[in-house]
Amino acid sequence: MPLHLSIDKAANIVGSQTKLAQMLDIYPTHLSNMKAGTRPCTINTRVRIAEIAGDDPQRAIIEGLIAQLDKDDQRQAGAAAMLQSMLDAFPPES
């Protein structure tokens with residue numbers, strides 16, 4: 001699940017994005033920036049967000065790895081494509 005959707009889902013569960021940020025021990029502005037894609041999100045934070053949202057934390061790890069790879073580097077872009085193919089081959093359970 002894209003990070004911004006996981007953040008929204010987790011925030012709805014805990015009551016607000018501010019409460020979610022408090023649970024994650026980060027500044028609310030940092031969480032907002034992560035949601036907007038202007039601040040990187042660590043793998044550990046992605047896992048915690050996924051757990052709160054009730055999503056698969058293993059998928060969150062792979063999605064986090066994909067997000068960290070440099071799309072302008074041919075090898076990293078290839079690795080990102082391979083990881084994405086793995087996720088696509090095993091869609092999340094509904």
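## Salt bridges, core and helix faces

K35 is partly exposed, with a relative accessible area of 30%. The model it belongs to is predicted. K35 pairs with D8 in a salt bridge, and the closest N and O atoms are 2.5 Å apart. K35 sits in helix α3 (residues 28-36) and D8 in helix α1 (residues 3-14), so the bridge ties together parts that are 27 residues apart in sequence. D8 is partly exposed too, with a relative accessible area of 28%.

How many salt bridges does a search of the whole structure find? The search finds two. The other pair is D55 with K9, where the closest N and O atoms are 2.8 Å apart. D55 lies in the loop between α4 and α5, while K9 lies in helix α1, so this pair ties together parts that are 46 residues apart in sequence. Is D55 buried or exposed? The cut-off for buried is under 20% relative accessible area. D55 has 17% relative accessibility and therefore counts as buried. Side chains of opposite charge can pair when their charged atoms come close.

| Salt bridge | Closest N and O atoms |
|---|---|
| K35 with D8 | 2.5 Å |
| D55 with K9 | 2.8 Å |

**The nonpolar core**

The largest nonpolar core holds 13 residues. Those with the most contacts inside it are L3, I7, L20, L31, M34 and I49. The most comes from α1, which gives five residues.

L3 is one of the residues with the most contacts inside the core. Neighbours within four places in sequence aside, L3 is in contact with M34, C41, R46 and I49. M34 is also a contact of T45, again leaving aside neighbours within four places in sequence, and so is L24. T45 belongs to helix α4. T45 is buried, with a relative accessible area of 12%.

**Helix α5**

Helix α5 covers residues 57-68. At 1.5 Å a residue, its 12 residues should span 16 Å, and the end C-alpha atoms are 16 Å apart, which agrees. Which residues of α5 are buried? They are R59, A60, E63, G64 and I66. Viewed down the axis of α5, these buried residues fall within an arc of 160 degrees, so they line one face of the helix. They pack against α4 (43-53) and α6 (74-89). D56 caps the N-terminal end of α5, with a side-chain oxygen 2.9 Å from the backbone nitrogen of Q58.

**Helix α6**

Helix α6 has 16 residues. From first C-alpha to last it reaches 22 Å, close to the 22 Å expected at 1.5 Å a residue. Its buried residues are A80, L83 and L87. Seen down the axis of α6, they fall within an arc of 65 degrees, so they too line one face of their helix. An α-helix has 3.6 residues a turn, so residues three or four places apart point the same way. Part of the cover over the buried residues of α6 comes from α5.

What does the face of α6 turned away from its buried side carry? That face carries the exposed residues Q74, R75, M82, D88 and A89. At the start of α6, a side-chain oxygen of D73 comes to within 3.0 Å of the backbone nitrogen of R75.

Conventions
Residues numbered from 1 in each chain as written. Predicted model: local features only at pLDDT ≥ 70, side-chain atom pairs only at ≥ 80, totals over all residues. Heavy atoms only, no water. Helix = DSSP H or I, 4+ residues; strand = E, 2+ residues; numbered from the N terminus. Expected span 1.5 Å × (residues − 1). Buried < 20%, exposed > 50% of the residue type's maximum accessible area, 1.4 Å probe, protein only. Arc of directions from axis to C-beta. Contact = heavy atoms within 4.5 Å. Polar contact = N/O pair within 3.5 Å; in protein donor to acceptor, adjacent residues only side chain to side chain. Salt bridge = Lys/Arg side-chain N within 4 Å of Asp/Glu carboxyl O. Core = buried A, V, L, I, M, F, W, Y, C linked by side-chain atoms within 4.5 Å.
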